[in-house]
Protein chains: 2
Amino acid sequence: MTPLVGILGGGQLGRMLALAGIPMGLRFRFLESRPDCPAAAAGEVIVGRYDDHAALTRFADGLSTATYEFENVPAATARWLTEHVSVYPPEGVLAIAQDRIAEKSLFRDLDVGTPAFCAVDSREQLLAACERLGLPCVLKTRRLGYDGKGQWVLRSRADADALPRVGAGLIVEQFVGFRRELSIIAARSRTGEEAFFPLIQNTHRGGILRESIAPAPEVAPELQSRAEIVARRVLERTGYVGVLAIELFEMPDGSLLANEMAPRVHNSGHWTQDGADLSQFELHLRAILGWPLGADSSGRIRTRGASAMLNILRGDPDPSRALSLAGSRLHLYGKAPPSAGELRKIGHLNITANDAGELERRLCAARTALADLL
Amino acid sequence: MTPLVGILGGGQLGRMLALAGIPMGLRFRFLESRPDCPAAAAGEVIVGRYDDHAALTRFADGLSTATYEFENVPAATARWLTEHVSVYPPEGVLAIAQDRIAEKSLFRDLDVGTPAFCAVDSREQLLAACERLGLPCVLKTRRLGYDGKGQWVLRSRADADALPRVGAGLIVEQFVGFRRELSIIAARSRTGEEAFFPLIQNTHRGGILRESIAPAPEVAPELQSRAEIVARRVLERTGYVGVLAIELFEMPDGSLLANEMAPRVHNSGHWTQDGADLSQFELHLRAILGWPLGADSSGRIRTRGASAMLNILRGDPDPSRALSLAGSRLHLYGKAPPSAGELRKIGHLNITANDAGELERRLCAARTALADLL
């Protein structure tokens, strides 16, 4: 009777999906290789790898619907699952989001601007691509990159020559001098209903998202509309169901370029837990279950004042420091702290305020008080 | 390493405490006789009754601290537990809250107004009490009453004569013609820090809470202060730790009378999940762990706009009806729906709005759309 939602992956995104879904009467099951994963606090864990058929069979048994918290699910797993239960977002989107060439080709086909790019499978092709796109440029693996891993900025011909191995499965992208990084989080329901959050302003350091501010400051309604058009084209072309995140560059001339997309809830949307009428996690679940998305008549989810999110990347011995900051909400993932010198997402702090000025003061206070954790 | 919090009882209050605590990095264990209880979605359930010593021993093993979601825990259980782990609120408060005479005597000792009352242990004493307090008056059991159960309004001598059995363990209270019912929710931490939510306006029908509105409309700062003084006296006299709720009557002359108290999170505080900087559930956990309470410099938890809570008391086949209401958040407890004609708390709907006018419109829409569930 109670809908049972299956999630491939048991990390923090699975944990936060379940914490958002339990109050709507849902139950959760995760397929995950580590039994003590973050999601274990909020549902049943089937311990197994994505290619373990016995585990997959137990996972699929009795599910109302399935989704994932992670886009690098093997295609064979997604296909098998799709034959046994409804899986959202659809399998075809996974294939696109797993491959930077397919992703950027989709943007191009949809007439969405994107940095110029070239597929590269050898050192000769790399040198030709550097020639064609100009230096600096960015070399990335086509697949499986995350948090800046699998990326190299090439500033000179010498940087390219110094690379030890250049083989198949790479992409070179034009290095674009953006004004800032933005993201848009959108959703499309099984019923076709769509909903959008306001644009988010993101700051990365070392390839890792450090801060998000939402609504992004100084966004004209026309910029928001252009971002929503980008998202809508992807949603509709792919027959998308669920939450979709698209990372964008705002260029000095005011144009938007699409950088990449994530077919799932996204780190830059965590502020919605405390700064919006409903969170991206609740929105994703409503979308995959065909429930109303809760947007206003213009398709937007209403936000509350101004919000920010700070990722916690280092050990946190005592939550009381974070809890004493005004307007702050702590979201820990139940992970062991990273070892010294390592940075790993073990939680985040959401900060809410009545307006942008108050937010800036609260952000400054948090950055100072928690400097050793960020 | 991760603090493990034990909760006596596994109902909806335990469930919501855990859902609020998991993001702060806490884990939960419940002692509850039904394995499929509402709290099972968010922690480990030790199946057993409160007087089952083997179960109690397993429950207490390794806890960081213990609390309860229900005040009618047997005194012997609370005492045994207190010898093994820190238990908050303290055992002495339980004894007071379990007995309407002790509770009203505490209010009287603290110079807090309360309806006049008399202990009654026989039919003779009942008739004398009716004489002394005047009719109508309210006869209640001293212990174990809830949701209007164990209460009888006596409007005439004939009503008293018609009662089939009158024995020991009763209380008669003056029937007071209040203007409205209010409640105050307050907290005191292990460190002595205190925090208060704004006064809440409550509507009961058939002895069951139906609606809460917060902040209560038309509350002068002076009324809020008087309510906080009442709560502060109880917190400090009893050495309280945790969240405390006090139900109050606002009288036609503007005075406040204390009706009863609950030494725990309270149904009239459920709106705080969506209408305040932090919820009563998070506040209770912060208080019992000695963490900062998150109040502003005047000791108040900041609220967001205007909020209301509607209890869902009848079967709810499809959550999408409730989810389509603007500004609404659904909180279901994972309980089987009540049988036809029965009313039982199976969930609640929180409604948030920018101001009181918008809240009233949204409340009207919700009351109409969900009339068959309320």
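Predicted model: local features only at pLDDT ≥ 70, side-chain atom pairs only at ≥ 80, totals over all residues.
**Stop 1: chain A as a whole**

Along the principal axes, the C-alpha atoms of chain A occupy a box of roughly 60 × 50 × 45 Å. A compact globule with 374 residues would have a radius of gyration near 21 Å, and the 20 Å of chain A agrees with that.

**Stop 2: the inside and the surface of chain A**

Of its 374 residues, 59% count as buried; here a residue is buried when its relative accessible area is under 20%.

Next, colour the charged side chains of chain A. There are 43 positive and 44 negative ones, and the centres of the two sets lie 1 Å apart.

**Stop 3**

Show chain A and chain B at once. Chain B is superposed on chain A by a rotation of 180° with 0.0 Å of shift along the axis, and the RMSD is 0.1 Å. This relation is that of a two-fold axis. To find the axis from the side of chain B, select B:A42: its C-alpha is the nearest to the axis in that chain, at 2.6 Å. Both copies use the same surface, since 100% of the contact residues of chain B recur in chain A.

**Stop 4**

Is B:N259 buried or exposed? Its relative accessible area is 7%, so B:N259 is buried.

Now display the residues around B:N259. Apart from neighbours within four places in sequence, its contacts are B:E103, B:K104, B:F107, B:K140, B:E173, B:E247, B:L248 and B:F249.

**Stop 5**

Most residues other than glycine have a negative phi, and most peptide bonds are trans. The remaining stops show departures from these patterns.

Select B:Y88 and B:P89. The peptide bond that joins them is cis, with omega about -10°. B:P89 belongs to the loop between α3 (75–82) and α4 (91–97) of chain B.

Then move to B:L135 and B:P136, where the peptide bond is also cis and omega is near -5°. In this case B:P136 lies in the loop between α6 (123–133) and β6 (137–141) of chain B.

**Stop 6**

Select A:D111. A:D111 sits in the loop between α5 (100–109) and β5 (117–120) of chain A. Its relative accessibility is 66%, and therefore A:D111 counts as exposed.

End the tour at B:D111. This residue, likewise not a glycine, has a positive phi of about 65°. Its place is the loop between α5 (100–109) and β5 (117–120) of chain B. B:D111 counts as exposed because its relative accessibility is 66%, and the threshold for that class is over 50%.

How values were computed. Residues numbered from 1 in each chain as written. Chains lettered and ligands numbered in written order. Heavy atoms only, no water. Rg over C-alpha atoms; globule rule 2.2 N^0.38 Å. Buried < 20%, exposed > 50% of the residue type's maximum accessible area, 1.4 Å probe, protein only. Lys, Arg positive; Asp, Glu negative; His and termini not counted. Charge placed at Lys NZ, Arg CZ, Asp CG, Glu CD. Contact = heavy atoms within 4.5 Å. Least-squares fit on C-alpha atoms with pLDDT ≥ 70 in both. Helix = DSSP H or I, 4+ residues; strand = E, 2+ residues; numbered from the N terminus.
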